[in-house]
Amino acid sequence: MSRERRLPLVLALAAAVVGVLAVASPRAEAELQVGFYNATCPIAEGVVFAEMHAILHEDPTLAPSLLRMHYHDCFVQGCDGSIMLRSRRGTAERDATPNRSMRGYDAIERIKARLETLCPLTVSCADIIAMAARDAVYLSKGPWYGVETGRRDGNVTVAEYAENDLAPPDSNIVDVKTFFSVKSLTAKDIVVLFGTHFPFPLYRFTRTYVRGRQQQPNTHRTDNGILAPPPGSHSIGTSHCEAFRKRLYNFTGAMDQDPSLDARYARQLRKLCPRRGGGRGRRAKVPMDPGSGFTFDLSYYRHVLATGGLFQSDGSLLHDPATRGYVERMANASSPDEYYQDFAAAMVKMGRTDVLPDSLGEVRATCGVFVD
């Protein structure tokens, strides 16, 4: 079945099946379910998708950042939209080092403002972030999956929490497993979610534009007027040299190189990122997945297996039997179907992290309010 036909069918089936469940599950319990807003705001997912299509038409580079925003929101105090809160004193999550390169706040506010005109004080910011992440994936030619909704928004934001709860790019596999395990995520979840590179900042999309305005939530109109599935933007992940310079020049503190890094790949990185790191070297951006304009494919795993990856945390996937086995299987897979299924399951699982009950959460009219 084509993507243009599959998407509305999925939405229709979800609405039909879960509509009954919504009646049996009282809102007061804040239980997550696909179709949570069927009774209170049945157009919610369609509105988010339409806005996301328009947003990525205007700026395709926002897609990976919106995916990363969902991860950063869930890993810090749970999936509660607290990443959107602001502080005049610079002490909010968005002020923390891991979030300083984050983009997409205005996109979430834009979606929220549209929903407020249609369903006031109904759809939470946390749910908007989760749905926007899914739509960013789908519009990048990735899988479509049902997003469980019903999250409440938190009103506490602390920069230090983000500094402590997000795994840095120089983490080894033991550290990475620790960060993920406290969120009830397994080794398989780690290697699956790393396949998107979304835990790390500084992504870029090549400019691929949609010709014409979207006519339906799952289509765009081509030059000859025929409706077609929304084209995903080809993406190339990039990183500043500083994120992995230690791996090249001072891995153990003895002015050495990470021995797990492929020698040929290391030479290429050294040319792009000289030891002194001044001038162009400091401003240089390095592709995280060389040779692939990847739109949610398996090239990340092939790259990690062949070279050890760009970040130490990428290479660390090869140092654990469970994660290495998955990398090898995906690197040699002829189809991304297994990965797509695993990714969808991992995203749903992550989206359940520390969700607030009604008594502790809220639905506010604006996502980025000041807390001080």
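Figure 1. S316 belongs to helix α13, which covers residues 312-316. When neighbours within four places in sequence are left aside, the residues in contact with S316 are S171, N172, I173, V176 and T323.

**Figure 2. The chain as a whole, as a setting for the close-up views.** The chain has 372 residues, and 53% of them count as buried. Its secondary structure consists of 15 helices and seven strands. Among the contacts in the chain with a separation of 6 or more, 75% are between residues 24 or more positions apart. The accessible surface of the chain comes to about 16,000 Å², and carbon and sulfur atoms account for 54% of that surface.

Figure 3. In the predicted model, H72 is found in helix α3, which is made up of residues 62-75. H72 has a relative accessible area of 2%, and it is therefore classed as buried.

**Figure 4. Close-up of the salt bridge between E45 and R134.** The closest N and O atoms of E45 and R134 are 2.7 Å apart, and the two residues form a salt bridge. This pair links distant parts of the chain, since E45 lies in helix α2 (residues 44-58) while R134 lies in helix α5 (residues 125-138), and the two are 89 residues apart. E45 counts as buried, with 18% relative accessibility, and R134 also counts as buried, with 0% relative accessibility. The view also takes in D135, which is linked with E45 and R134 in a network of salt bridges.

Figure 5. The structure holds 18 salt bridges in total. In the bridge that R352 forms with E148, the closest N and O atoms are 2.8 Å apart. Here too the pair links distant parts of the chain, with R352 in the segment after α15 (337-350) and E148 in strand β2 (residues 148-149), 204 residues apart. R352 counts as partly exposed, at 47% relative accessibility, whereas E148 counts as buried, at 15%. In the bridge between R364 and E362, the closest N and O atoms are 3.1 Å apart. R364 counts as buried, with a relative accessibility of 7%, while E362 is partly exposed, with a relative accessible area of 29%.

Figure 6. In soluble globular proteins, nonpolar side chains tend to be buried together. The largest nonpolar core in this predicted model has 80 residues, of which F180, Y301 and Y339 touch the most other members. Helix α5 gives the most to this core, contributing 10 residues. At least three residues of the core come from each of domain 1 (33-166) and domain 2 (238-346). Not counting residues up to four places away in sequence, Y301 touches V191, V192, G195, Y326, V327, M330, A331 and Y339. A second core, which is separate and has 14 residues, includes C241, L261, Y265 and M288.

Figure 7. K141 is not a glycine, yet it has a positive phi of about 65 degrees. This residue is found in the loop between α5 and β2, and K141 is partly exposed, with a relative accessible area of 37%. M255 is likewise a residue other than glycine with a positive phi, here near 55 degrees. The place of M255 is the loop between α9 (245-249) and α10 (263-272).

Note on methods
Residues numbered from 1 in each chain as written. Predicted model: local features only at pLDDT ≥ 70, side-chain atom pairs only at ≥ 80, totals over all residues. Heavy atoms only, no water. Salt bridge = Lys/Arg side-chain N within 4 Å of Asp/Glu carboxyl O. Helix = DSSP H or I, 4+ residues; strand = E, 2+ residues; numbered from the N terminus. Buried < 20%, exposed > 50% of the residue type's maximum accessible area, 1.4 Å probe, protein only. Contact = heavy atoms within 4.5 Å. Areas by Shrake-Rupley, 256 points an atom, 1.4 Å probe, with all protein chains shown as cover. Core = buried A, V, L, I, M, F, W, Y, C linked by side-chain atoms within 4.5 Å. Domains from an automatic or database assignment.
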